[in-house]
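My notes are below, in the order I went through them.

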Amino acid sequence: MVLFKRKPVQFLQTPVVDDESVEVWHITQTGEIFLSYEDYLNRMDFYNQPRFICQITGHSGLTFFAALRSEQAGAQEVEQAFPEALKGPVLRRVQFQTISRIDNLVDMIYDEFKADYYPGEAVSIHLSTGERMTGVVRDKARLGSKVLPDGTMTPPYSRYFTSIDGRPDDEAVVDEDHIYRDRKVFTKSVLRSFIKKTVTREAWNGAPWLVKHDVAAQYHIDTRVPPHLRYDNKLLERKQHQAQRKALGVQEPNLSNGSFHNTFGPTRLPELKPAPKAHKMAKHQHGHPHHEPPLKGRQGVHVGPDPGYMPGNNPFQFPVSFRNNMAPPPAPTVFSAPEPPPPPPPPKYPIEDLQLEPRDDYVRPPLKFLCSDPPQGVVDTDARNDKILMKSIGPLLETWDTLNVYCEIFKLDSFTFDDFIQAMEVTTADLPCEMFTEIHCAVLKQLVSSEADGGKLQVRMPELEEDDEDEDDDDEDESTAATPEPEPQPKPATRATRSSLAKAEAERLQAEAAAAAEEEAAEPPVKHRATEVLADYDWIEHLKKRDFKEGGWELIMVGLLHQLSKNPKKTEVCEELLAHLVPADEEEPTQETVRQCYGNLDLNLRIQALQIICMLTAETKAVRAYMEDCAETMTGYRKEKIEWQRNRKQAVEELKALNDQRKLLLPENMPQSPKSEEASKTNGDVKMTDAEESQAEEPHEETAESDEDVHARRTTRRGGDRAAERQRKREEEEQRRKEAEEAKAAAKADAKQSKQTKQFQKLLKDIEKKEAYIKQCEDEVGVIENDLREADCGRTRVLGKDRFWNRYYWFERNGMPYGGLPTSSTAEAGYANGCIWVQGPDDLEREGYIDLAPEYQAEYKQKFKITVPQRKKMEEGRTSVFNAYQWGYYSDPADVDSLLNWLDPRGFNELKLRKELINFKDKIINGMESRSKYLNAAEEDDGEDKKEEAKEPKRMSTRKTNQPSPEPQPSYRCLNWSNTMAVEDLGHLHSEQPPPPSTRGRKPTRKSKG
């Protein structure tokens, strides 16, 4: 039986079908029938969720059908593996067991049956002759215990009559010590699977295990549940027990008076609780405002005279014989205030963002808009570009991101987003920009391979109509027009007159005029002249030859757009571009006129054209191969990261052990406290030791001489004191011996101390090495994580979403270095995009979470006193984006901190978004600061150039008044960019023709700009 949330799946009941012709839907595995296709799909979606559990194997995370197949396969294996002779006895033992855990039940059954055997079971026996044979149990005799004369009882034992394989005429009688079964036949795992397959249990506490009805009928097992194990009886007993406890709780206060002693069991002390304040106030307000209140008691305890007290109610006023036969007095009425309901549990965060309380104390920092048409009602700063429309912001970001992520394929230096916008804006026929030209040429080269590589088209393009087919169609039209249809013969009954002939002629002329008007109306107006300019021009052949000079790539773009216009999905946008590149009012379109028109093309149309060809490159083999290589590279990086993390973990454990050793050796290697070298210091005064020593030595010498003289005199007088001399020598020798032993012990201690010190120093060096290795592992992991981030080029990773489902992008998040390629010609800028971009919610999210149906809006307003659109306006402030085609951005580092303060980590969406922003906060702020410095430096350079240019004409006008002053050439940041990657890899720019092969074998070199 398949489990869902640890409970058996309940199948739906079969609906009643009155009309047999009604179409129904059937699930074969469950036998369920549905009258509507929607219900059938919902049920199939439920069954296809990976949330089901196979009851037999215990495998989880399966769909219903996979779990059902697993159960069927497991049931078949269990049916074959479990001994047939044990099935009946085991099921009879399991029936009506109340052990809740199946593990405990399996242990109990296994312990009972592991040394017990039943007729029909294949076993191995150990004969008295020492032989080991196999056989089948034919009969079993269970002998009980008997009482010995000393009063002890023998344990019960069994005897088994078994046949012997290979000896049909022999039988053996063995006891339980000489019979055993195969270990693989009866194991706990097999027993567990068998019980799960054949037994079920209801989901209430104390429910018994019940053998399934079909299995019980097969093995003749009684399925009648005993009354004490039924759910209704258990529930009734529980209710009776609660009622008894409740009754005891009410009667308990009178037990203290002794009137019901031993009536309802042992006496318990009453629960003493303070009376509620409301009860006390009621007594003061009703009738006794100025009198002393009655005696205060506890809730549930009657204190003071009963209002219905009458003499004689006390049983102790009557004789004992009559006192015992009296009915108990009525229980006193105790009024207690109802307990307030418990407060609802606090919500467990995180929860849905819009289910949090609205906040009017903090507004999201205002967005900036790059376009000239921000969303309606937005109050914006002056940080806009008047030439860009909102609909072009998304394609502009998408194109820039594609060119920078796949710059190695296109052979393009990386460039900043601001330089890219400026290049798209300022490039004209008179002011060419290398970035603008190189981008188009590099992208076009990916669509068609060069002549050396075969010159094949790398993307699928719609087919153009052949001229021959058009000519054949024209010939057929002319032939059909040359053979007019035969006019119907006039009816002989009518007579032709002049008036009738004139009327017929007029009708014919009118019909011809109407047909001509219809043909003119059917012919669409000519929007462009791309067909004429491409009459003798094959854009694929010229792209194969890399003919980009003098308007070559612009005309290739016209041919490409003209062929893409045959795709119905791109017809409208391509026709609009062709109408501006090859206008219909052009007298004679040529390659030069196309170049001029492309130079004067509107910025939004340029963005559309570049986005079209950039999206085409996603279908090329080069881009797909690059993505596959990056995926393989990321796999290698992940393995390397895991290895470094494993090494770091092991090094941390080893460092912990070394630190423990250091703590043990530290007391013996503590630096000694400084000794008092000048023991003669007293109260800060220093004695003159040299002088004192010199003074002390002189009297000593004198006394020594005097002693010798005295001794000489004594010896001469008394003949010498040899005993005293020998005593003095012995003492001196003893003193010298002690000093030698002390010196030797000190030398040994010093040697031991030096050995421990060396060991301690070696341990400290090992600790330093381990710490350095751990730091190396952490650095390597950081480098690998950055490599993983740069190699992740499959899709643009979003930082997250806020409570109103706005998406936040930081395009340096993945696929590129934080500051662009370090070898780029504009790498000194130090950033790539430098902004956090905010995109509005898509239509599904907007309709499902913000623009709700009226009934859901009313429900939300009833809960929070505000609708979701009103909350969006209140919490987002003056600047908002309302759909996926609207974009805003943050470019100020202070806005990042404000945004983090606005995000609420108690919501699902903003918790993830806030985590990502905190992880990349330093990099984001660094990019924003670098962008500000780069743009401000460029503006300062422009200001200085304008000042110099303003001064220069004045000096020239004093000298040459007859010559006009030259017009100042504008200086733009994008003009400083040069494609050094193409020069290094190819030897030339994309827009230049490949140099001819050198006969001397020297490679052509070209110095890069800037």
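**Entry 1: the model.** I am working from a predicted model, not an experimental one.

Entry 2: I started with an open sheet of 3 strands, ordered E2-E1-E5 and paired antiparallel. E2 and E5 (52-53) are its edge strands, each pairing on one side only. I looked up how E1 (residues 3-4) is joined to E2 and found 2 bridges, with the strands running antiparallel. Across that pairing, Phe4 stands opposite Lys7 in E2.

**Entry 3: a nonpolar patch.** Next I checked the surface and noted a nonpolar patch made by Val17, Val22, Val24 and Leu35, with about 280 Å² of accessible area together. I picked out Val22, which sits in the loop between strand E2 (7-8) and strand E3 (25-27). Val22 has a relative accessible area of 39%, so I put it down as partly exposed.

**Entry 4: helix H3.** How many of the 11 residues of helix H3 are buried? I get 8, so H3 (residues 84-94) is largely enclosed by the rest of the structure. The buried ones are Ala85, Leu86, Lys87, Gly88, Pro89, Val90, Leu91 and Val94; I note that Lys87 is on that list. What do they pack against? I wrote down helices H2 (64-81), H4 (102-113), H5 (188-198) and H6 (213-218), plus strands E11 (199-201) and E12 (209-211). Just after H3, Phe96 takes a positive phi of about 70 degrees.

**Entry 5: the cores.** The largest nonpolar core has 106 residues, and Val558 and Trp837 have the most contacts inside it. Helix H21 (residues 603-616) gives the most to this core, with 9 residues. Apart from this core lies another, of 27 residues, including Phe82, Leu91, Val94 and Ile221. Leu91 and Val94 also turned up among the buried residues of H3. I then went back to Trp837 for its partners beyond four places in sequence: among them are Leu370, Phe417, Arg807, Trp887 and Tyr889. As a general reminder to myself, nonpolar side chains in soluble globular proteins tend to be buried together.

**Entry 6: Met981.** Is Met981 buried or exposed? Its relative accessibility is 12%, so it counts as buried. Met981 lies in helix H31 (residues 980-986). Leaving aside neighbours within four places, Met981 is in contact with Cys407, Glu408, Lys411, Leu412, Asp413 and Leu821.

**Entry 7: salt bridges.** I searched the whole structure and got 45 salt bridges.

- Glu171 and Arg138 meet at 1.7 Å, N to O. They sit 33 residues apart, Glu171 in strand E9 (residues 167-175) and Arg138 in strand E7 (residues 132-143). Glu171 is partly exposed at 48%, while Arg138 is exposed at 51%.
- Lys387 pairs with Glu425, with the closest N and O atoms 3.7 Å apart. Lys387 is in the loop between H9 (320-323) and H10 (393-405), and Glu425 is in H12 (residues 417-426).
- Lys921 and Asp897 meet at 2.8 Å, N to O. Lys921 lies in H30 (residues 921-959) and Asp897 in H28 (residues 893-902), so the pair ties together parts 24 residues apart in sequence.

Terms used
Residues are numbered from 1 along each chain as its sequence is written. This is a predicted model: local features need pLDDT of at least 70, side-chain atom pairs count only at pLDDT 80 or more; totals for chains, interfaces and linings use all residues. Side-chain values use heavy atoms; hydrogens and water are left out. Patches are made of residues with over 30% relative accessible area and no salt bridge: like charges are joined within 9 Å, nonpolar side chains (Val, Leu, Ile, Met, Phe, Trp, Tyr) within 5 Å. Accessible areas come from the Shrake-Rupley method with a 1.4 Å probe; for residues, only the protein chains shown count as cover. A salt bridge is a side-chain nitrogen of Lys or Arg within 4 Å of a carboxyl oxygen of Asp or Glu. Helices (H or I, at least four residues) and strands (E, at least two) are DSSP runs, numbered from the N terminus. Buried means under 20% relative accessible area, exposed over 50%, partly exposed in between (1.4 Å probe, protein chains only). Contact means heavy atoms within 4.5 Å. A nonpolar core is a set of buried Ala, Val, Leu, Ile, Met, Phe, Trp, Tyr and Cys residues joined through side-chain atoms within 4.5 Å. Two strands pair if DSSP finds at least two bridges between them.
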